Amino acid sequence: MKYMILSYASQRDYDEMAGKDTGRASWTPEALAAMHEFMTTVNKELTESGELVETRGLAAPVHTRRVGARDGAPYVTDGPYAETQEVLAGYWIVECESFDRATEIAGRLGQCPYPGDLYADAYADIRPLIDSSEDLGF
Amino acid sequence: MTEDLLRELAPQVLGALVRRYGHFDTAEDAVQEALLAAATQWPEEGLPDSPRAWLITVAARRLTDLLRAEQARRRREDAVAARALPEDWRQAPADRPLTASDAASASDSDSDDTLVLLFMCCHPSLSPASQVALTLRAVGGLSTAQIARAFMVPEPTMTRRITRAKQRIKDSGVPFRLPRAAERDRRLGAVLHVLYLIFNEGYASTSGPDLHRAELTAEAIRLARMVRRLLPDDTEVAGLLALMLLTDARRPARTGPDGALIPMAEQDRGLWDAARIAEGVELVTDALPRGTPGPYQLQAAIAALHDEAPTAAETDWPQITALYELLLRIADNPMVALNHAVAVAMARGPQAGLDRLERLGGDDRVSGDHRLHAVRAHLLEMSGDHEGARASYERAAELAMSFPQRRYLRSRAARLAGPGEN
């Protein structure tokens, strides 16, 4: 079974990681290196176990285009998110034996070091991927 | 050296940013700031391993900052910046099926990016003056201050011109890709025209005290070389580059030590740049036989005939006359007609040339141009009508806008003045 693990961040979180002081605990180069090392290690483990299908980070929310349609013609809005709105920031697609194993992986990812209590409330979502529309029962 | 490298990388970095994130106008500001940072940091700290990657990283970070500020401001004003997609986006270009693999294969070429930027900056919704300014900044990597100085306008004026041009590009919603094949030739024509204008502005200096603004001619030649690298098979691109080289080759002989203009017939041909002439002649010789020659190739061929004549007297005027006739057939251009009249006079005598000028005098596009009067003066002088020549030189001097040109025309008039008037 394939699962998608989704992590979230706001534009403010991105700014902090880019070294901006927002008045909260800040990312030092050492803290960034520690995070980087942790992610590399976990991704390597998942690659070695054959469970990692793909993982990607998303560019800062400010670089977002939202496309809608008005009177049948598509239109675009740039940067539709508020500064502190948490939006998709990255994902892992894993292929593993069970939802529980995917949950375990997400838990491991949640141990990523971060400065202070910046992300004490952080969470990830785990969503099973479907193989065909039949899985949905419609 | 840093500056040359930065100018070379500027369009590549901007191309990479706009391709990835869009926001042509804001990205352009971000790239300028990255270039500025590099210009101060690199000489002190040394070149980064990959200068291009360094610039892209710094510019992308800056773009994020600028966009954040923009979006926050907009949110405060509670304005939604939604724009409709122009037709151009909704239909796949006829010459490029928009499949994912196709888009991917086309996306990584720096040279493509530079070309796309050129097409953007020379967008038909902009005036030629705006096209020129924007091209120099976004593709040439020149700062607004440098461009303002070259065109002798106050910096705030140039800033406004460039800002408005970028806004217009943004509002027109041109997608970041090469124009469709059907449109590409016409758009390339606009690009070449802009390079031609930049060159002429530098070479002919329509106003102000310095006759040569070598910076502009050098930049026009650099950009023309770049376009030629991108489109090596286009004969008009080759023709334009040849024309610039063959014209610029005469620069060292064009002014005297006092800055006064020296007409071609009196120039010391030993001062002409032989390497430029050789390169220009080779380019145009190679381009001419490939299809019907366009206007730049014809002008280059004319320049080559001048450059190759060992003395002014040995100039092949009949051949030059014939080339001007071909040019006139392509476009009804009064300046070409003026040059044609000179060639006719040189080939068949001053009266034949003066007859042609007579017909041109009624053309509003040139009747107030100093060049028409300067040519008439010259031909009248050749025919022995010194009083008529003097009056025409005076009239030309009144109309000329550059100081050296004015000085030159006055000195010709003074030479013809009768002894009683001196």
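Visitor: How far apart are the end C-alpha atoms of helix α21 (residues 386-399) of chain B?
Guide: Helices are DSSP runs of H or I with at least four residues, and strands are runs of E with at least two, each numbered from the N terminus. The expected span of a helix is 1.5 Å times one less than its number of residues, so the 14 residues of α21(B) should span 20 Å. The model agrees with this expectation, since the end C-alpha atoms of α21(B) are apart by 20 Å.

Visitor: What kind of model is this?
Guide: Residues are numbered from 1 along each chain as its sequence is written, while chains are lettered from A and ligands numbered from 1 in the order in which they are written. Local features need pLDDT of at least 70, side-chain atom pairs count only at pLDDT 80 or more, and totals for chains, interfaces and linings use all residues, for this is a predicted model.

Visitor: Which helix gives the most to the side of domain 2 of chain B that touches domain 3 of chain B?
Guide: An automatic or database domain assignment supplies the domain bounds, and it divides chain B into domain 1 (2-106), domain 2 (113-172 + 185-231), domain 3 (233-315) and domain 4 (343-422). The contact, which requires C-beta atoms placed from the backbone to lie within 7 Å, takes 15 residues from domain 2 of chain B and 16 residues from domain 3 of chain B. On the side of domain 2, α10 (181-204) and α11 (214-230) of chain B each supply at least two residues. The element that gives the most there, with seven residues, is α11(B).

Visitor: How many residues of the side of chain B that touches chain A are charged?
Guide: In this interface, 15 residues of chain B are in contact with 14 residues of chain A, and α3(B) gives the most to the chain B side, with seven residues. Ala, Val, Leu, Ile, Met, Phe, Trp, Tyr, Cys and Pro count as nonpolar, Asp, Glu, Lys and Arg as charged, and the others, Gly among them, as polar. The chain B side then divides into eight nonpolar and two polar residues, while the number of charged residues is five.

Visitor: Which residue of β1(B) is the bridge partner of Y75(A)?
Guide: Two strands pair if DSSP finds at least two bridges between them. Strand β4 (residues 73-78) of chain A runs antiparallel to β1(B), and three bridges join them. In this pairing, the bridge partner of Y75(A) is A84(B).

Visitor: Is H23(B) buried or exposed?
Guide: H23(B) has a positive phi of about 55 degrees although it is not a glycine, and its place is the loop between α1 (2-21) and α2 (24-45) of chain B. Since 20 other C-beta atoms lie within 10 Å, H23(B) is buried.

Visitor: Is D71(A) buried or exposed?
Guide: D71(A), in the loop between β3 (65-70) and β4 of chain A, is a residue other than glycine with a positive phi, near 50 degrees. With 6 C-beta neighbours inside 10 Å, D71(A) counts as exposed.

Notes. Contact = placed C-beta atoms within 7 Å. Buried ≥ 20, exposed ≤ 12 C-beta atoms within 10 Å, placed from the backbone.
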